[in-house]
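Here are some notes to keep beside you as you look through this chain for the first time. Take the points in order, and turn the view as you read.

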Amino acid sequence: MACATATVSFPFRLPPRAPYTRVSHSSSVDVPLLNKFSSLKLSSSSCISGSTLPHRLCTVNPTRIQHLTIVSAKGYKMKTHKASAKRFRVTGRGKIVRRRAGKQHLLAKKNTKRKLRLSKMHPVSRADYDNVIGALPYLKVNRNVT
C-alpha cells in the first residue's frame with residue numbers, strides 16, 4: 001500500500017489583541033480587521049457614515065510570526081473495478097463464484113437441462129484468482145480454500 005507524507009511549513013501572522021478597529025464620524029461603526037490577505041470591498045466609501053475609509057485600518061506586529069506545520073500521512077484508496085464487482089461474488093466459505101456464459105439470448109434452441117446447468121454459479125479457477133482480487137481489492141476472499 002502506497003503512503004504519501006507531506007510536510008508544509010509557512011509563516012502566518014497573528015492578529016493583534018483587539019479584533020476590531022473602531023471608525024467613528026457621526027455614529028460608530030465596527031469595521032473588521034484587515035490585513036494583506038483580506039480586503040474590504042464596498043461599492044462606495046460614503047456608505048459608512050459619509051466618511052472615507054483610511055487605507056490601513058490597523059498594523060500587524062511583524063515580530064509575532066509563528067510557523068504552522070501541516071503533516072499529511074495518508075495512503076491512497078484502491079478503486080474497485082465496477083464491471084468485475086457485478087460479475088463476481090464471494091460465498092460464505094470465501095470462494096469466488098461467477099455465472100456461466102451462454103444464458104443471455106437464443107434460449108429457444110437450448111434444452112431445459114442445458115439452461116438449468118448454465119443458471120448455476122460456478123467457482124472461479126485458481127489461475128484467475130489473482131486477476132479477480134486485483135480488480136476487487138476489498139473482496140473478502142479466503143485464499144486457502146480449494
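1. Ground rules. This is a predicted model, where local features need pLDDT of at least 70, side-chain atom pairs count only at pLDDT 80 or more, and totals for chains, interfaces and linings use all residues. Residues are numbered from 1 along each chain as its sequence is written, and side-chain values use heavy atoms, with hydrogens and water left out.

2. Overall layout. You will find three helices and seven strands in the chain, and from the N terminus on they follow the order β-β-β-β-α-β-β-α-β-α. Helices (H or I, at least four residues) and strands (E, at least two) are DSSP runs, numbered from the N terminus. The chain has 146 residues, and 13% of them count as buried. Here buried means under 20% relative accessible area, exposed over 50%, and partly exposed in between (1.4 Å probe, protein chains only).

3. The salt bridge. The structure holds one salt bridge, a term for a side-chain nitrogen of Lys or Arg within 4 Å of a carboxyl oxygen of Asp or Glu. Aspartate 130 and arginine 143 form it through their side chains, at 3.8 Å from N to O. Aspartate 130 sits in helix H3 (residues 129-135) and arginine 143 in the segment after H3, so the pair ties together parts that are 13 residues apart in sequence. From C-alpha to C-alpha, aspartate 130 and arginine 143 are 9.8 Å apart in space. Both aspartate 130 and arginine 143 are exposed; for aspartate 130 the relative accessible area is 56%.

4. Lysine 110 belongs to the loop between E6 and H2. This lysine 110 is buried yet has no salt bridge, and the nearest side chain of opposite charge, aspartate 128, is 21 Å away. For charges, Lys and Arg count as positive and Asp and Glu as negative, while His and the chain ends are not counted.

5. The loop's other residues. Lysine 109 is found in the loop between strand E6 (96-99) and helix H2 (112-119), and its relative accessibility of 67% makes lysine 109 exposed. Although leucine 106 is not a glycine, its phi is positive, about 55°, and leucine 106 is exposed at 51%.

6. Leucine 139, in the segment after H3, is partly exposed with a relative accessible area of 26%. Its C-alpha atom is 7.6 Å from that of valine 90, although leucine 139 and valine 90 are 49 residues apart along the chain. Threonine 91 lies in the loop between strand E5 (89-90) and E6. Between the C-alpha atoms of threonine 91 and proline 123, 32 residues apart along the chain, the separation is 9.4 Å.
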